[in-house]
Amino acid sequence: MHVTTNNAAASVRKGSNAQKVTLPGAKSNKTASKKKDEDEAVDIGDGKLTVPPDQLKLTEAELKEEITRTLTANNPHAPQNIVRYSFKERSYKPILVVDQMAVLFEMEGNLVHIDSDEGRRLRAKECLSEETATVDTEAEPDKEESETRATSVEDGGEAEEAGDEDRPDSVASKIDKKEPKITNQFNFSERASQTLNNPLRERSCQTEPPPRSTFSATANQWEIYDAYEKELQKQEKNKEKQKAVPSKKDDDESKKKIMPLETQHNDLTKVARVAKILERMVNQNIFDDIAQDFKNFEDPSDEFRGQEGTLLPLWKFQYDKAKRLSVTALSWNKKYQDLFAAGMGSYDFSNQGRGMLIFHTLKNPSFPEYVYPTNSGVLCLDIHEQHSYLVAVGFYDGSVAVYNLKKKGQEPVYMSTAKTGKHTDPVWQVRWQSDDLDNNHNFYSVSSDGRVVSWTLSKNELVFRDIIRLSLDSAVSEGPEGAQQPSIACGTSLDFHKHIGYLFLVGTEEGKIHKCSKWYSSQFLETYPAHSMAVDAVKWNHFHPKVFISCSSDWTVKLWDHTIKTPMFTFDLKAAVSDVAWAPYSSTVFAAVTIDGTVHVFDLSINRHEAICQQQVVDKKKTKLTTIEFNPIHPIIIVGNDRGYVGSFKLSPNLRKKPKTKKGQEAPKGPEVEVAKMDKLLSLSGGTGPKHSLTQPMWLLSRTQQHGNKVIHFFIVVHRKK
């Protein structure tokens with residue numbers, strides 16, 4: 001809304017008929033002010049206009065100036081800096097929207113619609129009150145007239161001027177008028193009542209204290225084992241009784257028999273947690289010296305060994321029912337660092353049977369935490385990194401399964417069958433991957449049938465999808481019917497890149513390593529002629545994005561740069577290598593196990609030619625080591641063998657050295673430091689540098705032959721026997 005005010009309107013135009021106008025407040029009866037007014041007067045024709053003393057003297061331009069003012073809906077008195085505390089964000093937040101309405105006048109009305117039910121009731125009450133008033137006034141008309149006449153004579157006509165109703169002694173004031181009561185417009189009662197409060201009473205009861213008795217006993221491993229055996233027998237009997245269908249006559253008797261068993265089972269479940277804590281306390285007291293070594297002992301002899309280190313034996317994990325099985329796989333739990341899973345099976349084709357999935361903890365080395373028996377031997381397993389209760393398992397019969405530790409029972413929650421894409425040959429490796437777009441968990445598996453399969457956990461079953469089919473040729477082609485298909489390559493190992501989600505490596509039984517992608521199933525990205533025998537393990541480095549390691553039964557461990565087809569380093573361990581693992585704390589430390597019972601630990605930043613630790617960890621010569629794994633937090637490793645035992649060892653200080661720094665400076669930390677260590681090592685090898693051997697040659701014989709345009713060099717290397 002715009003309001004325009006013209007200041008020129010305050011001035012008076014000159015005219016012929018203009019008269020003298022005196023503004024209010026001017027005093028014309030005083031001569032002094034009259035003379036002052038005449039001095040300040042302005043001629044307007046024949047008359048004069050008196051100007052007040054506080055009149056502004058404006059020029060002609062100022063009088064003609066138009067002043068425009070804009071009225072807005074914003075309240076100038078409204079606050080602009082109100083803040084309120086937000087409990088969601090835990091901070092004070094300004095309020096941008098402020099109420100701009102200013103209330104100038106407000107009155108609540110009591111109007112009622114004439115056609116409503118309430119309006120009809122009010123009109124009816126008013127009619128009744130008028131009828132009663134007319135009846136009262138007609139009852140004594142003479143008395144009222146005489147009184148009015150008397151008052152008119154006494155007052156001398158003054159009553160007519162003042163009015164009969166205004167006088168206190170008038171007849172109208174003496175009449176009792178019943179004014180109609182206005183009903184209230186709100187639904188509330190005007191009557192008040194007070195209820196009696198009930199008196200307070202106190203009640204109390206006293207019970208007899210329960211009887212108390214003092215009990216003391218000693219618990220050893222055999223008593224705990226016998227208690228577990230009795231409980232297992234009771235559970236088996238309960239299952240047999242539940243399977244049997246009772247007759248109608250025996251319903252009452254069966255209920256009487258089952259009730260005490262159920263109550264006894266419930267009592268055992270209540271004390272299960274307490275019993276587990278007690279069992280761990282007893283075991284820690286038994287193995288107190290080992291626990292103290294694990295926590296506090298550091299081998300002081302490392303100071304006199306130079307760069308070499310040792311392995312300190314700690315606990316030995318075993319299960320009596322799995323003595324004749326081999327430890328085929330090990331995996332640490334990423335959330336609970338004291339818990340690890342061990343897969344039990346057999347590598348002998350002629351001796352296949354049952355298997356086991358066993359979970360051990362460092363807090364109780366005497367007995368496993370969970371035991372899952374399987375119909376086929378377990379060859380591989382992997383624990384989910386985020387959801388640590390999910391475990392993917394691969395079996396010798398070609399099936400894969402997923403176990404959920406939260407659910408009761410010993411059966412897997414997911415299991416592949418022949419109808420759902422089960423492998424036809426043993427599954428050698430399983431690896432969890434990040435969830436898909438629908439937030440479904442999925443993992444990958446590789447088998448001797450040449451298939452790399454992606455398994456997705458749906459609501460009721462495992463959904464499979466073939467990622468790639470391995471062949472002896474680099475290209476995978478599916479021709480029409482009748483076309484000759486390429487021979488299938490047997491997959492033996494699998495590992496995914498730590499930083500690039502779609503990139504993975506597959507090792508084959510022919511000794512080749514294929515670099516593959518999830519998005520390209522028609523061909524391999526790269527093929528490395530790695531070993532002369534089957535590739536037992538291939539693993540990416542935890543820190544450096546280009547480096548991976550492989551081991552084989554041809555006695556060698558090789559270090560690779562995936563951008564180069566030749567190995568950066570080759571180490572001969574003088575025996576078939578079963579497994580290799582990178583250390584989680586250093587990019588240049590890895591460990592390998594051989595079938596002769598030796599653990600080899602390398603630190604390439606210290607020694608690029610020899611292992612800094614070679615230690616025999618089994619007593620019997622016939623015992624073969626099968627797998628090795630580093631703990632993600634603690635400086636220990638676990639090693640499995642073909643006798644069903646898992647041994648744990650602590651790394652001495654020389655095996656986990658940190659880079660030296662100057663005095664007064666903090667040691668650098670972080671993955672960037674580890675990447676720089678490996679980059680320095682690769683630069684020293686000269687890109688495609690020479691293959692470094694574990695043993696130094698005693699002498700070297702060479703011979704050169706020329707065939708046409710080609711020159712062939714023959715080298716014969718003789719090593720010193722240790």
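User: How many bridges pair β22 with β23, and in which sense?
Analyst: This is a predicted model. In it, β22 and strand β23 (residues 526-529) are paired over four bridges, in the antiparallel sense. Within that pairing, lysine 515 stands opposite glutamate 526 in β23.

User: Which strand is joined to β22 by five bridges?
Analyst: That is strand β21 (residues 503-508), which runs antiparallel to β22. Here glycine 507 is placed opposite isoleucine 513 in β22.

User: What does glycine 511 do in the hairpin of β21 and β22?
Analyst: Glycine 511 takes a positive phi near 95° in that hairpin, which has three residues between the strands.

User: Is β22 largely enclosed or open?
Analyst: Strand β22 (residues 512-517) has five of its six residues buried, so the rest of the structure largely encloses it.

User: Changing topic: in what order do the four strands of the open sheet with β7 come?
Analyst: The order is β7-β34-β33-β32, with antiparallel pairing. β7 (311-317) and β32 (625-630) are the edge strands; each has a single partner, so one side of each lacks a neighbour in the sheet. On average, neighbouring strands of this sheet are turned by 25° against each other, direction ignored.

User: And how many bridges join β33 to β34?
Analyst: Five bridges join β33 (residues 636-641) to β34 (residues 646-651), and the two run antiparallel. Isoleucine 638 stands opposite serine 648 in β34.

User: Which helix lies across β7, β33 and β34?
Analyst: Helix α10 (residues 288-296) does, running at about 135° to β7.

Notes: Residues numbered from 1 in each chain as written. Predicted model: local features only at pLDDT ≥ 70, side-chain atom pairs only at ≥ 80, totals over all residues. Heavy atoms only, no water. Pairing = 2+ DSSP bridges. Axes fitted to C-alpha atoms, helices over the stretch in contact; angles between N-to-C directions. Contact = heavy atoms within 4.5 Å. Buried < 20%, exposed > 50% of the residue type's maximum accessible area, 1.4 Å probe, protein only.
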